[in-house]
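Let's walk through this model together, one region at a time. Keep the coordinates open beside you as you read.

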Amino acid sequence: MPQESSHRGREGSPHRVVVIVDENSNPFELGCATEVFGLRRPEIGRDLYDFTLCSPEPRTLMRDGFFTLTGVADLEAADSADTLIVPNRPDVEVPRRPAVLHAVRRAHARGTRLVGFCSGAFTLAEAGVLDGRRATAHWQWADSFRARFPTVQLEPDVLFVDDGDILTAAGSAAALDLGLHLVRRDHGAEIANSVSRRLVFAAHRDGGQRQFVERPVPDVPDESLAPVLAWAQGRLDAPLAVPDLAARAALSPATLHRRFQAQLGTTPLAWLTGERLALACRLIERGVSPLDVVARRSGLGTTANLRALMRRETGLTPSAYRRRFGPGADDTPW
């Protein structure tokens with residue numbers, strides 16, 4: 001499905017992100033949503049979203065009784081959301097409240113963007129909005145999800161799935177990846193990078209990367225890919241290829257590929273292409289033109305390659321991306 005979505009709210013008001021919190025919801029994913037969508041951004045100079053928490057009850061006991069959430073809006077707040085983040089919780093076999101499922105269905109019917117973090121995919125599937133659609137969920141619940149919702153096209157080994165107006169993230173940390181992906185869709189690569197810097201988090205991990213890696217923290221420090229990644233990021237405009245990365249790392253291409261899969265959950269080529277595309281987006285936002293210059297300076301080579309990759313990854317052509325995020329775009333608070 002096309003990935004383009006409006007980052008403007010109704011009638012020019014700020015895009016409103018509403019998070020439903022229900023009994024036994026996970027605090028971490030709630031924190032991720034708050035960090036990405038709810039904080040003020042003085043370093044940017046404007047607020048990116050209007051953020052609201054709501055719950056079907058005045059008092060909501062969070063996961064394992066860690067704390068009780070009070071003082072948030074009631075469930076009617078979900079009816080004015082432009083983006084609705086549905087509740088997630090570890091007890092995936094327990095049915096969700098009918099009132100929550102009705103709120104999700106109403107939101108979907110009026111075209112609201114729906115987001116599920118981790119087990120939030122179960123909430124979306126219970127509401128019936130994922131039938132025939134692509135989604136992901138935490139790998140440990142993949143078998144349970146398939147058994148309960150066979151009509152959903154589950155992709156269990158990716159960080160997140162962007163299916164246009166419905167997006168799902170696999171696990172806890174992947175909620176941040178998906179949140180930054182939404183900021184990038186709504187406000188461009190430069191703003192997403194600014195948000196990621198404040199979070200001290202990777203600016204961009206492609207949704208197709210694997211959910212888990214063989215060795216998240218390398219056992220031997222000098223096996224880390226960090227030096228070769230930093231070297232390549234400073235030379236994206238050069239004709240770099242996988243053999244060049246392997247030579248820099250003093251590894252065979254096959255060994256480099258294994259290290260990328262083990263440490264990053266992706267391939268060297270996919271990582272290099274993603275970095276180049278992110279650079280191309282930033283160049284367009286800064287007003288670099290024409291497109292052949294953007295393609296050359298980002299290392300993507302040709303305008304045809306630039307167009308194809310931008311359409312695939314952002315849902316926008318370079319020209320449409322420039323109109324939305326480039327110099328002269330409307331940058332007033334939404």
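Cysteine 118 is buried, at 4% relative accessibility; here buried means under 20% relative accessible area, exposed over 50% and partly exposed in between, with a 1.4 Å probe and protein chains only. The residue sits in the loop between β7 and α3 (120-126), where helices (H or I, at least four residues) and strands (E, at least two) are DSSP runs numbered from the N terminus. Most residues other than glycine have a negative phi, and most peptide bonds are trans.

A word on what you are looking at: this is a predicted model, in which local features need pLDDT of at least 70 and side-chain atom pairs count only at pLDDT 80 or more, while totals for chains, interfaces and linings use all residues. Residues are numbered from 1 along each chain as its sequence is written, and side-chain values use heavy atoms, with hydrogens and water left out.

Asparagine 24 also has a positive phi, near 70 degrees. You will find asparagine 24 in the loop between β1 and α1, buried with a relative accessible area of 17%. Phenylalanine 67 is 43 residues from asparagine 24 in sequence, yet their C-alpha atoms are 9.9 Å apart in space. Phenylalanine 67 belongs to the loop between β3 (59-61) and β4 (68-70) and is partly exposed at 36% relative accessibility. Beyond its neighbours within four places in sequence, phenylalanine 67 is in contact (heavy atoms within 4.5 Å) with Pro27, Thr60, Leu61 and Met62. For a cis peptide bond, turn to serine 289 and proline 290, where omega is about -5 degrees; proline 290 is in the loop between α10 and α11.

Now look at helix α1 (residues 27-38), whose buried residues are Glu29, Leu30, Cys32, Ala33, Val36 and Phe37. Seen down the axis of α1, these fall within an arc of 155 degrees, so they line one face of the helix; the arc is that of the directions from the helix axis to the C-beta atoms. An α-helix has 3.6 residues a turn, so residues three or four places apart point the same way. The buried residues of α1 pack against β1, β2 (50-55), β6 (83-86), β7 (113-117), α5 (172-187) and α6 (189-199).

Which side chain of opposite charge is nearest to arginine 16? Arginine 16 lies in strand β1 (residues 16-20), and the nearest such side chain is aspartate 50, 4.1 Å away. Arginine 16 is buried yet has no salt bridge, a term that calls for a side-chain nitrogen of Lys or Arg within 4 Å of a carboxyl oxygen of Asp or Glu. For the charges, Lys and Arg count as positive and Asp and Glu as negative, while His and the chain ends are not counted. The contacts of arginine 16, leaving aside neighbours within four places in sequence, include Ala77, Ser80 and Asp82.

In one of them, aspartate 162 and arginine 185 have their closest N and O atoms 2.9 Å apart. Aspartate 162 lies in strand β10 and arginine 185 in helix α5, so the pair ties together parts that are 23 residues apart in sequence. Both of these residues are buried. Aspartate 79 and arginine 106 also meet in a salt bridge, at 3.0 Å from N to O. There, aspartate 79 is partly exposed at 33% relative accessibility, and arginine 106 is partly exposed at 39%. A network of salt bridges links Asp22, Glu23, Glu57, Arg89, Asp91 and Arg97.

Finally, visit the largest nonpolar core, which has 34 residues. Such a core is a set of buried Ala, Val, Leu, Ile, Met, Phe, Trp, Tyr and Cys residues joined through side-chain atoms within 4.5 Å. Leu256, Val294, Leu306, Met310 and Tyr321 touch the most other members. Elements giving two or more residues include α7 (226-233), α9 (253-263) and α12 (303-314), and α10 gives the most, with eight. Methionine 310 is in contact with Leu277, Cys281, Ile284, Gly315, Leu316, Pro318 and Tyr321, leaving aside its neighbours within four places in sequence.
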